[in-house]
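Keep the structure open while reading.

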Amino acid sequence: MKNSLKLVLAVVLCVFLAGVAGFADEYILGIGFTIFMYIALAQSWVVLSGLTGYISLGHVVFFGSGAYVFILIWGLVPVWLGVFCSGIVVGLVSLIVGYPVLRVRGPYFVILSFGLAELVKNLVLINEARMYVSMRPVFGAPALYQLYTAMLLLAIIATGLTYWIRRSRFGAGLRSIREDEEAAETIGVPVAKLKLLAFAISGVIPAMVGAIFIMRSGIFQSGDAFTPIVSFTMVTMAIIGGSDDAPGPFLGVVFLVLLQELLWVNWPEVYMIILGILLLGFVLFIPNGIYGWLSEKYFGNKKNVT
Amino acid sequence: MLLEINDIHKKFGGLVALQGINFSVGYGETLGLMGANGAGKTTLFSLIAGHQEPTLGSIIFEGQKINRMRPDQISALGIARTYQIVRPFRGLSVLENVTTGALYGAHKIRSIKNASKFSREILEDVELKDRAEDLAGSLTLAGFKRLELAKALATGPKIILLDEVMAGLTPREVNEAISIIETCKRKYNLTVVVIEHVMKALMRMCERIVVLHHGEMIAEGTPGQISEDSVVIKAYLGEQN
């Protein structure tokens with residue numbers, strides 16, 4: 001009963017948000033687009049980093065690579081097929097890249113993930129320079145309301161995926177890796193396989209998000225497509241919201257994007273400062289994030305992330 | 001024989017941790033491993049469970065050589081181990097800890113619902129039922145030791161390697177632990193290999209004891225034989241003038 005009520009509410013919300021695309025103005029659609037984008041990104045981040053504890057500080061690598069694959073096949077295939085392909089290609093490549101990368105744990109993985117994003121950025125840059133391209137414009141992209149709807153769809157899929165994985169056998173394995181990888185292996189969890197799967201799954205949606213994003217910005221430039229700010233923002237959102245379950249990133253994103261909109265108008269220079277203070281405060285005092293804090297306080301659930 | 005240890009040697013660089021270890025464990029048996037600190041008992045468990053590879057020799061489980069397999073593959077065959085220094089999943093609930101074992105291991109229960117049902121039953125066996133929903137990190141030492149046992153049991157093992165599950169417990173807790181282990185052994189049809197410093201427990205539980213000393217096997221026999229073995233007494237108490 002309680003769960004079916006939640007489901008009905010979620011469906012109503014999604015239908016409403018999709019309906020908004022029909023009549024809302026550019027500003028609202030733009031904010032919606034940003035919120036959905038970061039929900040999709042933060043949820044995907046949680047599949048790898050929230051559940052396995054392998055904190056990725058370079059998740060933009062999937063976003064940028066997706067965008068790059070997409071721009072390379074732009075015009076050759078139908079737009080939405082291109083978006084889909086960029087997700088698949090990035091997912092497959094991360095199955096190969098993830099194998100060596102995931103052998104490194106803890107802070108070393110954090111650094112490596114960041115380095116990987118920078119490495120790929122520079123490889124793309126070099127490749128582009130060799131072809132005498134400094135930026136690639138995207139002509140004839142779909143209208144904003146279409147991009148908005150596509151991003152909404154990705155946000156829904158990403159949220160559903162995180163929700164489902166968190167409650168699955170696969171998710172139980174991932175969470176045991178986060179808690180103690182060796183002990184997990186001792187009770188039969190095939191840790192290497194599960195980590196690799198999580199890594200790839202965690203990359204597919206960000207790649208598609210990246211593809212849709214460059215249709216909105218109208219341009220592909222490797223410096224922008226691989227900017228670490230996107231990585232940092234998704235980590236911050238997931239941590240502030242709570243990174244152990246699907247409602248967390250959702251709350252974190254809505255909270256931060258709205259805060260950003262409010263501050264951006266009045267005190268743009270204060271935004272980064274407040275963001276930093278918030279992140280520090282949450283890591284120190286509310287490590288389970290808004291969702292973890294709420295569920296402990298009001299539902300008596302002792303959920304824990306760290 | 002269920003488990004055969006054949007001429008196992010293990011070296012860490014120049015340090016010889018184990019040499020020439022030979023024994024086997026039969027179905028349904030309870031075997032004790034005895035020896036002072038540094039005798040190589042835990043190393044032997046690590047070799048069996050696949051966390052390390054022996055330098056020389058082979059480990060045979062149900063006729064299959066296992067000493068190049070990964071720990072999760074060994075767990076899938078039905079070998080479970082507990083850790084002397086407990087390793088609970090602190091951030092998960094007690095029930096989730098055990099359920100993870102039931103979902104993987106040798107059991108590989110596919111549905112979360114069935115796995116947690118089975119896990120609740122195990123928590124009842126180890127007398128942790130009341131703490132099922134609590135965070136594992138909130139348990140006491142005795143609780144951690146039982147959780148280790150519960151996680152191992154949940155994987156559906158044929159043989160269970162218990163590494164000092166009674167160390168640091170009060171005499172009363174030791175008695176409870178012994179009866180829990182004996183009950184579980186009967187209920188789940190287990191073979192048990194136990195490392196223990198609590199002599200009373202070892203004598204009471206085991207049918208056979210193997211004594212290690214500085215990486216070598218110095219005696220093997222029934223508890224009665226071991227307690228009168230002159231080599232063992234010499235190793236433990238030194239020589240009488």
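A residue is called buried when its relative accessible area is under 20%, and exposed when that area is over 50%. By this cut-off, buried residues account for 51% of the 306 residues in chain A. The model is a predicted one.

Chain A is built from 14 helices and two strands. Its radius of gyration is 19 Å, close to the 19 Å that the globule rule gives for 306 residues, so chain A is as compact as a globular protein of that length. Of the contacts in chain A between residues at least 6 apart in sequence, 79% join residues at least 24 apart.

The surface comes next. Chain A exposes about 14,200 Å², and 74% of that area is supplied by carbon and sulfur atoms. Its charged side chains number 18 positive and 15 negative, with 8 Å between the centres of the two sets.

One helix can be followed in detail. Helix H11 of chain A runs over residues 228-241; at 1.5 Å a residue its 14 residues should span 20 Å, and the end C-alpha atoms are 20 Å apart, so the two values agree. H11(A) is mostly covered, with 11 of its 14 residues buried. Just after H11(A), Gly242(A) has a positive phi of about 120°.

Methods: Residues numbered from 1 in each chain as written. Chains lettered and ligands numbered in written order. Predicted model: local features only at pLDDT ≥ 70, side-chain atom pairs only at ≥ 80, totals over all residues. Heavy atoms only, no water. Helix = DSSP H or I, 4+ residues; strand = E, 2+ residues; numbered from the N terminus. Rg over C-alpha atoms; globule rule 2.2 N^0.38 Å. Buried < 20%, exposed > 50% of the residue type's maximum accessible area, 1.4 Å probe, protein only. Contact = heavy atoms within 4.5 Å. Areas by Shrake-Rupley, 256 points an atom, 1.4 Å probe, with all protein chains shown as cover. Lys, Arg positive; Asp, Glu negative; His and termini not counted. Charge placed at Lys NZ, Arg CZ, Asp CG, Glu CD. Expected span 1.5 Å × (residues − 1).
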